[in-house]
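Let's take a walk through a protein chain together. Have a look at it first, and then we'll go from the whole layout down to single residues.

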Amino acid sequence: MSAVFDEEAMTEGIQTPQRALPQGATTTPQSDVILRWDDLNYEVKAKVGKTEEWRPILNGITGEARAGEAIAIIGSSGAGKTTLLNALSGRIVGGRLEGQILFRGAKRHPGSFKRVTAYVQQDDLMHPLLTVQETLAYASKLRLPNSQYTPERKTERVNTVIRQLRLEAARNTKIGDAATRGVSGGERKRVSIGTELLTDPRLLFLDEPTSGLDSNSSELVVELVKKISVDQGIATLMTIHQPSARIFNIFDKVILLSQGRVVYFGPTSTAIEYFANIGYQCPMHENPADYFIDLMTLDYRSDDALTRSKAQVKQLADKFAEYEAQQATYTSSEKPSSVSGKGVEFSGELDLPRNNWFSEYSTLARRDWANALRNVPFLMGQITQSVFMALLIGFMFFYLKKDSVSVQNRLGVLFIIAVNATFPIVMPFLTLYYKERDIMVRERSSATYRVTSFYLSKFTTYVPIALVSNTIFFIGIYFISHLEFDAGKFFIGLVTFFCLSIVSVAFLLMVGSGVKSIEVGFVVAPAILTIQLLFGGLFANPKTITPVLRWIRWVNPVQYGFSSLTQNEFSGMVFTCAQGTQCYQTGAEVIKAYDVARFTTWQNILFLLMLALIDMMAGYAVLRWKAKPKSIWL
Ligand SMILES: Nc1ncnc2c1ncn2[C@@H]1O[C@H](COP(=O)(O)OP(=O)(O)OP(=O)(O)O)[C@@H](O)[C@H]1O
C-alpha cells in the first residue's frame, strides 16, 4: 500500500453520495482480490449432557472480497455473522478453525495484517472528554508512522477523514458518554470508523455499524463507507442486522448466512433473481433483506415448524452449494493465485512501521493529561476529599501537646496519614484505570501501541495527581494537629507519605490490570487494603503476631510507612508524665514498644519503593498477558 494519498481525489465528490449505486460488478475493479477464504469451518466445544462435543458454527464458507467492494454479511441472530467477520479479521479466540484465508494471495501475518486492515467494533470505546478532532489527531499520532508522515501530513489526513465522514460540524464537540452529552450516535460511529480509516487500510471490517442508529443515520454510515471503499479501493465487509431496502441496495455483494452455512453469496442485484429461480419469489413491495432473513430463520413456534424451517435452511444451503459448483464464479477465477500463495506469508510490503517507544509514550501521556485535566469532577473530588479529611482529622487531633496523652494521639494521626495514602487513592483511580484498560485492549487489537508505553503513561499521570491532592492533606493535618515542627521531620514525613502514595498507584494498576471486571476490583482492592491496615503496626504489635501471619509485614506498605512515620516523629522527643502515672517518657520508648525500629526510616522508604516496583512489574506482566492477542490464525 502506498502511504501517499491522493487527497483531492478522496475529497472530490464527497458532497453527494449516491442513494442507490449501480449494483454488482460495474463499480468495482474485478481483478483485485484483497481477501479470499476457502472452505472455512469453525467449531466450538459445547456441553451435551455430561459430555463435551464439537459444535459447528461455520460450515464450508468460501468467498472473496475485492478492492472497492462493500459486502454485507446478513443473517438472523446466531447465524454466525460475527464469527465469520472475526475469523476473516483474525479475531477468533478459542475453538477450532480450519480452512484457508489469503490476504492478497498470501498467508496473513498477524502483526502486519492488523496494521493494514481495520476493524470497527460494534461498541465504540473512546475517550469521552476528547473532541472529535482530538480523538482523530491522537489516533493519527499513534497509528501513522513518523517516518512516512510529517506532523502536517498527519493533520491533513485527519482533516480528510473528517471531511469524508461529514464530521465538520462536530469537529470540536466532545465524544461524550452517559454522564456528559457529546456527539450523536451516528457521529460517534463515524468517528469510530474514522480512527480506523486514518491508516488507509486495504480491508475494512465493521461489526454491526448501524446497530442502535435510526434509519437515516444508518443509511448515511453505510453510504459513506461504500463511497470511501470505492474511492480508495478498500474491500469492506460488514455484518448488518435487518437492513432497510435502501441500505441493502447500497452493497455490491451480500453473504446470506444461516446456521453457519452460506445460503447466497453474490451481487446484491442478482439475489432476487437467484431466489426466484430456486422457487422463492420475493414479493414486489417487500424489502428483499427481510424476505431473505425470513426464509433463513428457524421457526421455534412449534416442533413441526422447527423441523420444516430446518429442512428449508438445509435445502437453501445445499442449493447454493450446487449453484456455486456449477457457476464456479467465486471459486475458480482467482484460485490459481490463491493456491500459489499457499504457505507463503504476506510479505508485509504494505506494512506500516511502528513509531518508536518515546513517540508512543509522549502521545499517550499527552492524551492522558488532557483527559485527566478535563475530568473536573474527579479532580475536584480528590482535592475536596483531601481538604475535608485534613480539616476533620486535624481538628480531631488539634494541637497535640508533648504530654503522655499525646502519644496515643500522635500514633493515631500517623496511622491515619498512612491509611490516607491507600484507600482514597486506590478506589477512585481504579475506576478511571479500568475504563482506560478497556480502551487500551481495543486499541491494541489494531496493533496500535506497546503495552509498556500505555502502562508507564498511566503511572506518570496518576502519580502527580495523587501527590498533589495528598500533599494538601499532609500539610493540613501536619500543622493543624501540630506534629513535631521540624523541617527535617516534615520533609522525611512527606517523602514517606509520597512513597506510600506511589505504592498505592502501583497497587491499583496491578489490581486494575489483573481483575476481570470493575466489580471484582472493588471487592479485591478493599479486601487487600483492609488486611494491610490490620497488619499495619498500630492494632497489633508485630512481635506478637503469630508466625503463620507475620510474613505479611514484609509485603505490607502500610507497615513500612507507619514504621517510618513513627520513627521520624518520635525520635528525640521527650514527654511529660502526669504525676503518679506510668507513661512513656521518651519517643525512643514508644519506638521500641511498637517495634517500629526494625529498619531505619530510609530503609523503610527503600522497601516502599521496592514494593511499588514489584507491583508495577506484576501489573505489567498480567496486562501484557491480557493484551496479548490469542486469536487463531490461518
Ligand atoms: N466461542 C464460542 N463458544 C460458544 N458458542 C459460540 C462461540 N462463538 C460463537 N458461538 C455461537 O455461535 C453462534 C453464532 O454466533 P455469532 O455471534 O457469530 O452470531 P451472529 O450471527 O453474529 O448473531 P447476532 O446477530 O445475534 O450477533 C451463536 O449461537 C453463538 O452462541
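## Two domains and what lies between

The centres of domain 1 and domain 2, taken over C-alpha atoms, are separated by 54 Å. Keep in mind that this is a predicted model. Domain 1 is made of residues 23-122 + 202-340, while domain 2 covers 360-627.

How far does the whole chain reach? Along its principal axes, the C-alpha trace spans about 110 × 60 × 45 Å. If you count the pieces of secondary structure, you get 23 helices and 10 strands. Out of 634 residues, 43% count as buried. And if you take contacts between residues at least 6 apart in sequence, 79% of them join residues at least 24 apart.

## The core

Now for the inside. The largest nonpolar core holds 154 residues, and Leu256, Ala418 and Leu508 have the most contacts inside it. Helix α18, residues 487-514, gives the most to this core, with 12 residues. Both domains take part too: at least three residues come from each of domain 1 and domain 2. As a bit of background, nonpolar side chains in soluble globular proteins tend to be buried together.

Which residues does Ala418 touch? Setting aside neighbours within four places in sequence, Ala418 is in contact with Leu500, Gly536, Val558, Gly561, Phe562 and Leu565.

## Stretches listed as transmembrane

An unreviewed UniProt entry lists residues 376-400, 412-434, 455-478, 490-511, 518-540 and 605-623 under "transmembrane region". Let's pick out two of these stretches. Residues 490-511 are 100% helix and 0% strand, with the end C-alpha atoms 31 Å apart. Residues 518-540 are 74% helix and 0% strand, and there the end C-alpha atoms are 32 Å apart.

## Around the ligand

What sits around the ligand? It is surrounded by 14 residues, and the closest are Ser77, Gly78, Lys81, Thr82 and Thr83. Helix α2, residues 81-89, supplies the largest share of this shell, with 3 residues. Sorted by class, the shell has 3 nonpolar, 10 polar and 1 charged residues.

## A few single residues

Where do you find them? Arg166 lies in the loop between α5 (151-164) and α6 (185-197), and Asp595 lies in the loop between α22 (587-593) and α23. Why does Arg166 count as partly exposed? Because Arg166 has 17 C-beta neighbours inside 10 Å, and a residue is partly exposed when that count falls between the limits of 12 or fewer for exposed and 20 or more for buried. Asp595 is partly exposed as well, because it has 15 such neighbours inside 10 Å.

Last stop: Met617, which has its place in helix α23, residues 601-627. Is Met617 buried or exposed? Met617 is exposed, because there are 12 other C-beta atoms within 10 Å, and 12 or fewer is the cut-off for that label. Met617 and Arg598 are 19 residues apart in sequence, and from C-alpha to C-alpha they are 27 Å apart in space.

Notes:
Residues are numbered from 1 along each chain as its sequence is written. This is a predicted model: local features need pLDDT of at least 70, side-chain atom pairs count only at pLDDT 80 or more; totals for chains, interfaces and linings use all residues. UniProt positions are given in the numbering used here, feature names are shortened, and annotations may be inferred rather than shown by experiment. Helices (H or I, at least four residues) and strands (E, at least two) are DSSP runs, numbered from the N terminus. Two residues are in contact if their C-beta atoms, placed from the backbone, lie within 7 Å. A nonpolar core is a set of buried Ala, Val, Leu, Ile, Met, Phe, Trp, Tyr and Cys residues joined through C-beta atoms within 7 Å. Domain bounds come from an automatic or database domain assignment. A residue is near a molecule or strand if its C-beta atom, placed from the backbone, lies within 6 Å of it. Ala, Val, Leu, Ile, Met, Phe, Trp, Tyr, Cys and Pro count as nonpolar, Asp, Glu, Lys and Arg as charged, and the others, Gly among them, as polar.
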